[in-house]
Amino acid sequence: MKRPFTALALAASLALLAGCSSLNPFAESGPKPAKLPDFKASAELRPVWQARIGKSGPYVFQPAVVGEDVYAAAHDGAVARFKDGKAVWSVNAAKRLSAGVGSNGKLAVVATTAGEVVALDAANGAERWRAAIGAEVLAAPAVGDAIVVVRASDSRLIGLDATNGARRWVFQRATPPLSLRSFAGVTLEGPAAVAGYPGGKLVAVSLANGGQLWELTVATPKGSTELERVADVAGTPVIGRKELCAVAFQGRAACFDATNGNALWSRDFSSSVGMDRDSRFVVITDDNDAVHALDGTSGANVWKQAALQRRALSRPLIVGDFVAVGDFEGYIHLLKRDDGSFAARTRADSSSVTADPRRFGRDGFVVQTRDGGIHVYEAR
């Protein structure tokens, strides 16, 4: 299932899943996933190369792209560096893994289900260090030259020294009783780590000491019950040269001036997978699996593609003149960026695309399927 939801009370979690079909597209009752629409292809999704690693199991494994290299991991402990479809190296981290790879081209960092962070040499896969953090990690670590930032499932941010794994700081803030089980990571931007939080907040933390630099409000929780008041920032925040944008579940989509934090615009929205943006558009997959394009300057509607509802779509990715999304049957859909019409479609494999598509080169992107397929495409 694409959008697992967690709560401190299991009964409440199950109740939410039962009442929200977009979060549970495989429920026996309720609306069924939309059939694939017919269209005349006007573009090509050209396969560049493909490779394979182990399955994801109950987790989401994001690949990392550094130049022409793709780093990928699997639940069984496999970690590999691929180039042109061939493994440059492949190792086993000796324990089961719970999150994908973070890499800066020097280190490739993963997390085990036992709460360990493992750093490998990106050149040859040799283990550089292993650090116990005593917490579940669901998101790929963010790797900088001096520090590795790990996000625990309880939303703590933990800064580890990139040279030896020593703990340098921990950032923790209060979170609501219920929250999304989020696989979203952290973005390193200059001297800060930027992360979305339960309760609709965006927070920047100093990489030097873990102190909070600023906090912005994307959405304000509303409603009379804890379930109605879930308003978590979904996906990794999108940081441009001048704008910082994010979207919240049961909340809003918003963009801020990156220089001073002033709100540029906001819109009522609900997404549990996130958004992308370029110089013209903000593109969001909502919780009915409709894809929306908004004007990046004003937030005004540009187009909506609703023909893929309940197909458990991934986070969208803008690739040149197109928008790419994956679905629960392993299909990759290419939409025209300007009007949202279908341009091309291909199938990676028969398993779901739950991980975010990642940019690869100028007009390409890579997806990792739940069964472990690594597929690089070029949109033409």
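Modeller: Helices (H or I, at least four residues) and strands (E, at least two) are DSSP runs, numbered from the N terminus. This is a predicted model: local features need pLDDT of at least 70, side-chain atom pairs count only at pLDDT 80 or more, and totals for chains, interfaces and linings use all residues. Residues are numbered from 1 along each chain as its sequence is written, and side-chain values use heavy atoms, with hydrogens and water left out.

Biologist: Where is Ala94, and is Ala94 buried or exposed?

Modeller: Ala94 sits in the loop between strand 6 (86-92) and strand 7. Buried means under 20% relative accessible area, exposed over 50%, and partly exposed in between (1.4 Å probe, protein chains only). Ala94 has 63% relative accessibility, so Ala94 counts as exposed.

Biologist: What is the phi of Ala94?

Modeller: Most residues other than glycine have a negative phi. Ala94 is a residue other than glycine with a positive value. Its phi is near 80 degrees.

Biologist: Ala312 also has a positive phi. Is Ala312 buried or exposed?

Modeller: Phi of Ala312 is near 55 degrees. Ala312 lies in the loop between strand 27 (301-305) and strand 28 (317-319). Its relative accessible area is 1%, so Ala312 is buried.

Biologist: What is the bridge partner of Ala142 in strand 12?

Modeller: Strand 11 and strand 12 (residues 147-151) are antiparallel and pair over two bridges. In strand 12, the partner of Ala142 is Val149.

Biologist: Which residue makes a side-chain polar contact with Asp161?

Modeller: Asp161 belongs to strand 13 (residues 157-161). Its relative accessible area is 18%, so Asp161 is buried. A polar contact is a pair of N or O atoms within 3.5 Å; within protein, one must be able to donate a hydrogen and the other to accept it, and residues adjacent in sequence count only if both atoms are side-chain atoms. At 2.4 Å, the side-chain partner of Asp161 is Thr163.

Biologist: How many residues of strand 17 are buried?

Modeller: In a regular strand the side chains alternate between the two faces of the sheet. Ala192, Val194 and Gly196 point one way from strand 17, and Ala193, Ala195 and Tyr197 point the other way. Strand 17 (residues 192-197) is mostly covered, and the buried residues number six of its six.

Biologist: Which glycine has a positive phi in the hairpin of strand 17 and strand 18?

Modeller: The hairpin of strand 16 and strand 17 has two residues between the strands, and Gly190 in its turn has a positive phi of about 60 degrees. The hairpin of strand 17 and strand 18 has three residues between the strands. There, the phi near 85 degrees belongs to Gly199.

Biologist: Which strand gives the most to the lining of the largest pocket?

Modeller: On a 1 Å grid over the protein atoms alone, a pocket is an open set of points where a 1.4 Å probe fits, with protein on both sides within 12 Å along at least five of seven lines; lining residues have an atom within 4 Å of a point. The largest pocket is lined by 43 residues, and those nearest its centre are Thr187, Thr236, Arg315, Asp356 and Arg358. Elements that give two or more residues to this lining include strand 7 (97-103) and strand 16. With six residues, the top contributor is strand 20.

Biologist: Which residue's side chain makes a polar contact with the side chain of Arg252?

Modeller: Arg252 lies in strand 22 (residues 251-257). At 24% relative accessibility, Arg252 is partly exposed. The polar contact spans 3.0 Å, and the partner is Ser266.

Definitions and conventions. Two strands pair if DSSP finds at least two bridges between them.
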